[in-house]
Amino acid sequence: MVQYNFKKITVVPNGKEFIDIILSRTQRQTPTVVHKGYSISRLRQFYMRKVKYTQQNFHEKLSTIIEEFPRLDDIHPFYGDLLHVLYNKDHYKLALGQINTARNLISKIAKDYVRLLKYGDSLYRCKSLKVAALGRMCTVIKRIAPSLAYLEQIRQHMARLPSIDPNTRTILICGYPNVGKSSFINKITRADVDVQPYAFTTKSLFVGHTDYKYLRYQVIDTPGILDRPFEDRNIIEMCSITALAHLRAAVLFFLDISGSCGYSIAAQAALFHSIKSLFMNKPLIIVCNKTDLQPLEGISEEDAKLVMEMKAEAMKTVIGQGGDPLNDEGVLLTMSTLTEEGVVSVKNAACERLLDQRVELKMKSKKMNDCLNRFHVAVPKPRDQKERPPCIPQAVLEGMAKQQAAEKEKRKLERDLEEENGGAGVYSASLKKHYILKNDDWKEDIMPEILDGHNVYDFIDPDVLQRLEELEQEEGLRAEEEDDDFEMDGKELTLEEQEALAEIRKKKSLLIQQHRIKKSTAESRPTVPRKFDKEKKFTSERMGRQLSALGLDPTLAINRFRSKSRGRKRERSLGRGGNDGDDVMDMDVDQPNKKLRARSRSLSRSRSMSRPPGEVVAGEGFKDSAQKVKALKLAKKSVKKRNKDARRGEADRVIPTLKPKHLFSGKRSIGKTTRR
């Protein structure tokens with residue numbers, strides 16, 4: 001079990017938030033109404049209660065901070081040294097000491113002012129003493145604001161620390177940067193440590209978990225260590241040194257024999273000898289990684305000699321644990337995290353060495369003797385030299401013989417066939433082998449697919465894909481011919497027609513250009529009414545002149561243009577009157593008579609035809625008018641009850657009350673804080 005869970009430490013508010021929390025709680029939880037007509041004892045009690053309550057809240061908050069942060073002298077030495085490396089225990093203790101001093105000062109201030117309030121002789125005097133007491137308490141909190149901010153940063157960082165149990169079975173991975181430590185932990189655990197082709201990718205301790213012989217092992221990936229004096233090592237390297245010094249674990253020292261990490265074998269051997277004092281009384285395994293780039297047998301003699309010296313040092317740890325000095329198995333291992341060759345064997349060797357050491361330590365402990373005293377193993381001793389073979393009744397022997405014969409004659413089940421033919425996922429049971437047919441050879445035949453009384457296979461053309469390609473090619477050729485026919489060729493026209501065609505194409509290109517210019521400036525161009533159109537670009541007379549110039553008859557186009565103009569309703573409505581026919585013909589040109597205009601407008605309105613509600617318009621989504629009428633009836637029926645009750649509908653305008661008065665007015669009594 002993990003003993004230290006730093007994620008449960010309460011958030012430390014900054015100075016301003018701290019004061020706001022305490023003063024607002026005092027305002028909410030203590031009485032606020034007082035009158036000068038009250039007796040002096042009641043006034044004193046009123047303000048003494050406020051001062052005491054504020055002091056209690058400050059005391060509780062500050063005590064929670066002091067108690068929840070770990071004491072470096074009481075926790076495991078690994079965590080004590082790790083916190084010292086990360087945060088500097090002098091600064092850490094100083095910050096907690098300032099919090100403790102502030103707590104004592106606030107208690108002393110409250111005690112002094114309560115004593116003064118006992119002798120307050122008026123409402124004004126008592127109120128002034130209360131204000132002074134609360135002000136001095138807040139001043140104390142403001143002075144420790146930097147310490148509160150520092151502790152909050154430490155809390156956030158401690159919450160991100162990995163949960164490491166110093167007492168469980170642990171495998172520790174160490175070595176130079178970029179030798180394959182993080183790749184190894186990613187292979188044997190479910191940890192996801194970032195792996196990059198440069199040094200110091202891992203900047204803190206990472207934890208993963210793996211299983212071996214039904215036991216859970218904790219695997220710790222440490223940052224890379226450089227071979228330099230202890231005083232020159234940075235915080236990242238000191239995390240690794242702290243883990244090596246205080247954790248009782250099996251140590252895997254990774255060695256990059258290919259040299260691709262940027263450090264030679266000699267430099268890595270020097271690092272090994274400089275920190276070998278940290279490996280004492282721990283199972284040590286030398287792991288030669290990246291054998292896919294450089295096998296161990298292919299290194300130079302000098303490098304091989306250095307590796308053998310490191311192996312000899314590792315053998316000392318085996319001998320120190322009471323192992324066989326001639327058995328060097330599991331001390332020097334090779335592997336490649338890229339090809340995963342040897343990864344599992346390294347993991348198993350480390351777990352086995354660690355398990356043996358822990359069992360041996362437990363056997364040597366005093367607890368083992370206490371346990372052995374409770375056990376007694378009885379071993380029977382022979383009373384004479386007579387042989388006493390086991391006596392099995394004849395009936396039992398016959399039954400066993402029959403059972404064995406029955407097992408030999410037992411028919412094969414589907415499970416047996418499955419195991420013989422590759423197991424689950426490979427073997428597929430045949431559902432046709434039990435069919436009762438005239439000929440057993442027909443059982444595995446493919447059954448025909450029948451559709452509408454016809455065998456589908458009779459209509460399948462094996463060359464259907466080839467036929468489809470031919471059809472697509474033929475359609476492409478036809479489309480090209482149609483495109484060619486659509487383009488008018490000038491060679492088939494007369495000279496006048498060719499000139500007219502060139503004029504039309506030129507006009508068409510100009511219109512396209514004008515349209516593009518208008519479209520690009522449509523958002524910024526103001527809309528100009530027709531009465532301000534001085535150029536008269538869109539009149540029927542101009543269109544007629546242009547078409548006549550091109551040699552075309554403009555009569556049909558002008559009639560169609562006028563039929564869609566604004567004066568269409570007015571002309572038709574007045575034309576039905578009968579008496580005013582002569583005036584109607586001049587309606588588009590001039591209509592000075594106001595009565596005629598008013599009459600035309602009224603007639604056009606009275607005789608305009610509105611669309612019936614059941615008529616279906618394209619795009620409404622209804623199949624026919626009956627369906628639309630039914631939908632309108634259902635819509636009316638659904639809102640009928642709401643309209644009858646004067647309830648607000650989805651089309652009504654809503655102005656929500658942002659601050660309801662019943663929630664934001666008045667003072668609540670003690671204990672009514674559940675609403676917030």
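Predicted model: local features only at pLDDT ≥ 70, side-chain atom pairs only at ≥ 80, totals over all residues.
**Entry 1: Ala350**

I then located Ala350 in helix H11, which covers residues 343-364. Setting aside residues up to four places away in sequence, I found that Ala350 touches Ile171, Ala250, Leu252 and Ile285.

**Entry 2: Leu252 and the core**

I next turned to Leu252, one of the residues that Ala350 touches. Beyond its neighbours within four places in sequence, Leu252 is in contact with Ile171, Leu172, Ile173, Cys174, Phe184, Ile285, Val287, Val346 and Ala350. I noted that Leu252 and Phe253 have the most contacts inside the largest nonpolar core, which has 113 residues. Helix H4 (residues 89-117) gives the most to this core, namely 11 residues. The core lies between domain 1 (15-160) and domain 2 (170-365), because both give residues to it. I recorded the general rule beside this: in soluble globular proteins, nonpolar side chains tend to be buried together.

**Entry 3: His76**

Finally, I looked up His76, whose place is in the loop between helix H2 (40-68) and helix H3 (77-87). Is His76 buried or exposed? His76 counts as buried, because its relative accessibility is 16%. I found that its side chain reaches the backbone nitrogen of Phe78 at 3.0 Å. Apart from neighbours within four places in sequence, His76 is in contact with Tyr4, Pro166, Asn167 and His246.

Key
Residues numbered from 1 in each chain as written. Heavy atoms only, no water. Helix = DSSP H or I, 4+ residues; strand = E, 2+ residues; numbered from the N terminus. Buried < 20%, exposed > 50% of the residue type's maximum accessible area, 1.4 Å probe, protein only. Polar contact = N/O pair within 3.5 Å; in protein donor to acceptor, adjacent residues only side chain to side chain. Contact = heavy atoms within 4.5 Å. Core = buried A, V, L, I, M, F, W, Y, C linked by side-chain atoms within 4.5 Å. Domains from an automatic or database assignment.
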